[in-house]
Each structure stands twice: as C-alpha cells, then as structure tokens.
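Thanks for coming. Please have a look at it before I start.

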Amino acid sequence: INTVICRDAVEASEQVAREIIDLIRKRSEESKPVVLGLATGSTPLLLYKRLIQAHRDEGLSFKNVITFNLDEYYGLEREHPESYWKFMHDQLFDHIDIPAENINLPDGRVPRDEVFAYCQNYEKQIEEAGGLDIQILGIGRTGHIGFNEPGSSEDSLTRMVTLDHLTRKDAARDFQGENAVPRNAITMGIGTILKAEKIYLMAWGQAKAEIISKAVEAEPTGVLPASFLQLHKNATFYIDRAAASELT
Ligand code: F6R
C-alpha cells in the first residue's frame, strides 16, 4: 500500500480528484469510457464537490463515465433520506452531466429470493463495462471497506451482508437511532474491489488513526478487511495527518 499523508482532507481530495479528472480527459480524447467505483459516507464529500466544480468551471464532461457504487442498505426505498441512491444523487449525480443509464448502485429493494442472482448480475455488469478503472474507498471503524465487515473473505463478491454492531452504532446519528439502521446491506465484495485497476482509500481524523495503522501494518486478515488491500498492486491511501498519527 502506498500512503500519501496530506495536510488536510481538502488537499488529499484535490489530489484524488486530479487523478480522476486527468483520466476522464485522457479517455474522452480516445472516446473511451471511464469506469469508476464510488463510495458514500462523509469521507468522499470534498472529492465530489471538486468533481462538480471541474464540471461547472472547467467544462469537464461525465458523458463517458460509468459508475458503480460499492453498497446500499437493504430494505430502503431509493428516496429514503439515508439511502445511498439519494446520497449519490444529492452529492454528485444531480450536479454533473452523467447519463442516468451510466449510473449503477446496488438496489436495496430486491426481493430476498432474488438477491443472489441480482448480485451476480451486478458483477457481470462491472465486467461488461470493462472493469473498474478506479475504486474510491472510505474505511469504517471496524476496518470495513464497502460493507465488507470483519469475517469477509479475500475473494468475496457482491452479496448481501449483515452489518456489524459498531457500523450500525456509527450510522445511528444519521437515522432516528440505532434501531432504525437497517440490519443488512448489499455490497461489492473484497474480490470485486481487488479487481479494480487502481484503488484510492481516503480517511480523515483521529477516529480513523488506529484502524489505518492496522490496515497498513498488520498481516492481511479477514478480521480487518481493509488489510486485504495490501494484496493489491496499485492501492494508495490518501490520509490526513490525524489519520496517519498511529502509523509507525
Ligand atoms: C460507503 C462505504 C463505507 C464507508 C465507511 C466510512 O459507501 O462503503 O465503507 O466508506 O463506513 O464512512 P465515513 O466516510 O462516513 O466515515
């Protein structure tokens, strides 16, 4: 894992945005699509702001961009205030010129008995788009990436998962208390993420310092799913000083 320690989240988000913007420009000259794997949560907010700015002020077009989001809570309607569908539209998609048909997010409303086939198809769609060029990640305090909680295997694919207690506790502030947080989610797997050409994980603040040091320095283990990123040849952690404070 390469680690890039930045002054703050603004500087780090700017660097990640630059990588994405440069790739979109390069590919659009060749009339080829760019396939992005995207995350929700508080971590990528500044990155999405910067991409919107590039669209508004620098004429960057997202017409050739195809996106696949990592995850979605199971059982939420799209318009639920905490759905990741809504988050992505509010924070990014509604402000850029990406065609609606290029946007892919796991659907939290699939009937239970269709989830398995639905997830297999999500994998197939990623492949048919040409695979992920860049995967953007945050990291949860359990060490999850996407919603791959401790216990996830290295070769896991898109599937239904049970959320960890700590993850639901962290989400409780956004929902009306912990009981309102869904118990399940659909997430890309570790194996899905590791197939991406490049991976950028971002993390800010002291609360992420311990998990970042373990993800980078501990032996790769399913107890800490983000540690599997050590197996990828092109994974970079963009972190601020606080999140880097427990690296040895
Ligand atoms: C979001 C996701 C999660 C978050 C992680 C960190 O799509 O897959 O893994 O990246 O929970 O969340 P924040 O950024 O809110 O600290």
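What covers the buried residues of α2? The cover includes α1, α3 and β6. Before I go further, some conventions. This is a predicted model, in which local features need pLDDT of at least 70 and side-chain atom pairs count only at pLDDT 80 or more, while totals for chains, interfaces and linings use all residues. Residues are numbered from 1 along each chain as its sequence is written. The pLDDT, the predictor's confidence in each residue from 0 to 100, averages 97 over the protein chain, and 100% of the residues score at least 70. The model's ipTM is 0.99 and its pTM is 0.98.

A residue is called buried if 20 or more other C-beta atoms lie within 10 Å of its own, exposed if 12 or fewer do, and partly exposed in between, with C-beta atoms placed from the backbone. Contact means that two such C-beta atoms lie within 7 Å.

Back to α2, residues 45-58. Its 14 residues reach 19 Å from first C-alpha to last, close to the 20 Å expected at 1.5 Å a residue; the expected span is 1.5 Å times one less than the number of residues. The buried residues in α2 are Leu46, Leu47, Tyr48, Arg50, Leu51 and Ala54. Just after the helix, Gly59 takes a positive phi of about 65 degrees.

Next, α1. This helix has 21 residues and spans 30 Å between its end C-alpha atoms, close to the expected 30 Å. Buried in α1 are Ala9, Ala12, Ser13, Val16, Ala17, Ile20 and Ile24. These buried residues fall within an arc of 130 degrees seen down the axis, so they line one face of the helix. The arc is taken over the directions from the helix axis to the C-beta atoms. As a reminder, an α-helix has 3.6 residues a turn, so residues three or four places apart point the same way. On the other side of α1, Arg18, Asp22, Lys26 and Glu29 are exposed.

Ser31 sits in the loop between α1 and β2. Its phi is positive, about 50 degrees, although Ser31 is not a glycine. Ser31 counts as exposed because it has 7 C-beta neighbours inside 10 Å.

Helix α3 runs over residues 84-91, and in it Tyr84, Trp85, Phe87 and Met88 are buried. They cover an arc of only 165 degrees around the axis, which puts them on the same side of α3. Their cover includes β2 (34-38), β3 (65-69) and β4 (71-73).

Now the core. A nonpolar core is a set of buried Ala, Val, Leu, Ile, Met, Phe, Trp, Tyr and Cys residues joined through C-beta atoms within 7 Å. The largest one has 70 residues, and Ile139, Tyr200, Leu201, Ala203 and Ile212 have the most contacts inside it. Helix α1, residues 9-29, gives the largest share, 6 residues. Beyond four places in sequence, Tyr200 is in contact with Val16, Ile134, Ile136, Leu137, Thr236 and Tyr238.

On to the annotation. UniProt positions are in the numbering used here, feature names are shortened, and annotations may be inferred rather than shown by experiment. An unreviewed UniProt entry lists residues 8-235 as "domain: Glucosamine/galactosamine-6-phosphate isomerase". Over that range the chain is 34% helix and 15% strand, with the end C-alpha atoms 20 Å apart.

His144 counts as buried because it has 26 C-beta neighbours inside 10 Å; Glu149 counts as buried with 22. Leaving aside neighbours within four places in sequence, His144 is in contact with Glu149, Asp164, Thr167 and Pro225. On that basis Glu149 touches Thr142, His144, Val161, Leu163, Asp164, Thr167 and Pro225.

Definitions and conventions: Helices (H or I, at least four residues) and strands (E, at least two) are DSSP runs, numbered from the N terminus.
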